[in-house]
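The following note sets out several points on the model shown below.

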Amino acid sequence: MKPEKEPGAFGGARRTPWNAPRGLDSVLDGWRSDRQLRSCFVLDEATPARAGVFAPIPEEVAPQVRDALEKRGIQQLFSHQAEAYRLARAGQSLVIATPTASGKSLCYNLPLLDRFAREPQARALYLFPTKALSRDQEESLRALMREAGLSHGAITFDGDTPADARRAARERSGVLLTNPDMLHTGILPHHASWARLFSNLRYVVIDELHTYRGVFGSHLANVLRRLQRVARFHGADPVFVAASATIGNPEAHARRMLGRDVTLVSESGAPSGERRVMVFNPPVVNAELGIRASYLKTAVRLTADLVRAGVSTLLFGQSRNNIEVMLKYLRDRFIEEKLDPSLIQGYRGGYLPGTRRATEAALRAGEVRCVVATNALELGIDIGSLDAVVCAGYPGSVAALMQRFGRAGRRGEGSLALLVTSSAPLDQYLAGDPRFLVGSPVEHARIDPDNVEILVQHLKCASFELPFEEGEPFGDVPPESTTEALGFLAQHEVVHPTVGEAGRRVFHWSTDAYPANHVSLRSVGWDNVVIIEKGTDRTLAEMDFRSAHTMLHEQAIYQHEAEQYQVERFDYENHKAFVRKVAPDYFTDAMTYVRVHVIQEDQAAPMGPDLQAGMGEVSVIEKVVGYKKIKYHTHENVGYGDVALPEMQMHTTALWLTVPETVVRAMWAPRPAVIDALRGLTTALRTVACVGLMIDPRDIGKTLGSRDDAEGPPRKDGGVGFDPTLFLYDNVPGGVGLAARLYDQRDELLSRARRLLEACTCEDGCPACIGPAAGAMPGQAPVDPHPRKRLALEVLSALGIAGMQ
């Protein structure tokens, strides 16, 4: 007797708990036997299992460390672990770039413990991008050191470390585990207090190297320049060991980050089981508008099939709101089917540390069958073995997707990696060409540590830590450039030059300010908003200040562990949000308005007789103007509300393309329809920009606005309106060079956008190209039943833009 199908959008009768299939294979067979489901799988491929390549534990490993490994059942190493040990022991800096769950931790722990056994005074510094990861690694490292009979100890030093533990970390700890922010503000400026650590520093480990890109990575590269300078002052020259998930340029990225040569270890010897990679594109429910079934509800439905069959599953969402909605839907299903809803847990940034640790432990112990998570679980936190990973929406890059997929199949057994695509343009691009996911090159991680603004900030910090002597380089920055920058700081009386013993100038820090406190590595406000439950005064969670504008405005529904709280008051000045538990049938979604104002044009070039391209510094002003009430399960809009919060402003760099008002007026359609078509064209430009540069869509912002100040003087020609300008801007303060790369590729960018529109099979715009049609303008009959996509193509033709051949 075949198991019955679950009810839902795909039809079928209800399964009962006693005849539900068990195991991954039975779920896959059930999906393939359902004709409607089967037609939505646009990719169904197996990556074959791979046998392990092993190497004996090297003879040089200290006997007590060898014994500790054998107690854990490790009789031999994977080949890449043995190679990493050999390189690190020989004093060569290296980067390990092997897949998720390939045993990278032992690559750096083994040479470290061996050094400790031979040199009791040796010290090491471990850098992790998050507090959670450093705490997780601390526990496993301390256990391994105990088993090896080493008394060095390991301690995490971060903002949560109490005062007595901080003292112990400085005086006794063999391994200091910390994050870049704490190294920047809490350790390097006080290096004299850490003399024992720096004078005996033998290894610096940088885990999750692939996460350090853009502004954050550029800042970290300068922090590491300062670290190496302080270590040299104390007489140490440590070996650097970096570990990275799969990226396109691990060796070049590590070399740029460290400012020194590194050796790449990329051939993994770890075995892996067969992985079934599948892409599910939800069915079209509105052909006219190109709208597909909700990818969130689809992901929940497929995940429920897996969890019901006893398959341990990790469901990734793209945002806090998404994972809370999916967590609620999954638990509602389990309650309806008389199953234990506590088998499903949420995991995201904002949950308190104790809550996250409890979820990790429960998952390792097998007490939780499914975790719904944001990218907080992408990194290498130990959560045991999983059989399936479901991604609700494309995370923005192949590297991030592979990192998530790598969370399944950790026991070397068969696993499932399933992507459920949304209606977003990039998702639909991939649904149309799913082999891009398994055959395309992985994205590069890019940083610019020599960015003048970032470099000067860290030169200030370095001057505070130690005086600079004329002719001294700063990491891999040449001596001439360093001296020139210090001269600039001297002109501004930040450093004071004196004449040293050899007649050279020595630059001393000369202000009373503490520079590191004024340099944010992440270029965003550090203060989080604390969420407090009214009536109990219980702290529920915390949230970064920028996100609080959209999720903690007054009357917002804040979702936490599948429960709902209404924001009663948002104390903007003191960064506190007061909430009350409610049971609504809706959640809220903030609406934001973005405008861009050009501050300085660095480059400009005509593109034909009419179109003008420019690149330079801009101010991006974002304001939350209201919110929608979205009904659970049906996702219909059931109301609106106003929001009164100050604007958020960001200075960054942008590419802009200005279309003259004369071209807009010359089109046959009404001006609002042409502006709407240009807005759709901006969407298409961002889609092809993300694919062309191999970057996350969240790295680039887009908007349509005015090249000139909208509040400035009227047009010189006396006409109405403005010259519509399409903006693509770096979505991080200060920019990371994406706008400059887009400017260099501007011709190719427009040609690709045209080709995307021409190749799309829709009649009048859909999520895969320029978005669904907006319909007739208020009070007007549509000039043409299908104007939007056609208008966008005609505007491109009027501007002389042809498609790529």
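**Notes on the predicted model**

1. Strand E31 (residues 700-706) has 6 of its 7 residues buried, so the strand is largely enclosed by the rest of the structure. Buried means under 20% relative accessible area, exposed over 50%, and partly exposed in between (1.4 Å probe, protein chains only). Helices (H or I, at least four residues) and strands (E, at least two) are DSSP runs, numbered from the N terminus.

2. The model is predicted: local features need pLDDT of at least 70, side-chain atom pairs count only at pLDDT 80 or more, and totals for chains, interfaces and linings use all residues. Residues are numbered from 1 along each chain as its sequence is written, and side-chain values use heavy atoms, with hydrogens and water left out.

3. E31 is joined to strand E32 (residues 724-730) by 7 bridges, and the two run antiparallel. Two strands pair if DSSP finds at least two bridges between them. Within this pairing, Leu704 has Leu726 of E32 as its bridge partner.

4. Helix H22 (residues 671-693) has 23 residues, which at 1.5 Å a residue should span 33 Å; the end C-alpha atoms are 33 Å apart, in agreement. The expected span is 1.5 Å times one less than the number of residues. Of the 23 residues of H22, 17 are buried, so this helix too is largely enclosed by the rest of the structure.

5. The largest nonpolar core has 49 residues, and Leu657 and Leu678 have the most contacts inside it. H22 gives the largest share of this core, 11 residues. A nonpolar core is a set of buried Ala, Val, Leu, Ile, Met, Phe, Trp, Tyr and Cys residues joined through side-chain atoms within 4.5 Å. Leaving aside neighbours within four places in sequence, Leu678 is in contact (heavy atoms within 4.5 Å) with Val659, Val664, Leu704, Pro724, Leu726 and Val795. A second, separate core of 42 residues includes Leu306, Val311, Val325 and Tyr632.

6. Elsewhere, 7 strands form an open sheet of mixed pairing, in the order E1-E11-E18-E17-E14-E16-E15. Strands E1 (41-47) and E15 (344-347) stand at the edges with a single partner strand each, so one side of each is left without a neighbour in the sheet. Strand E14 (residues 313-316) pairs with strand E17 (residues 388-392) in the parallel sense over 4 bridges, and Leu315 has Val390 of E17 as its bridge partner.

7. The count of disulfides (pairs of cysteine sulfur atoms within 2.5 Å) comes to 0. Cys107 counts as buried at 1% relative accessibility; Cys461 is buried, with a relative accessible area of 1%.
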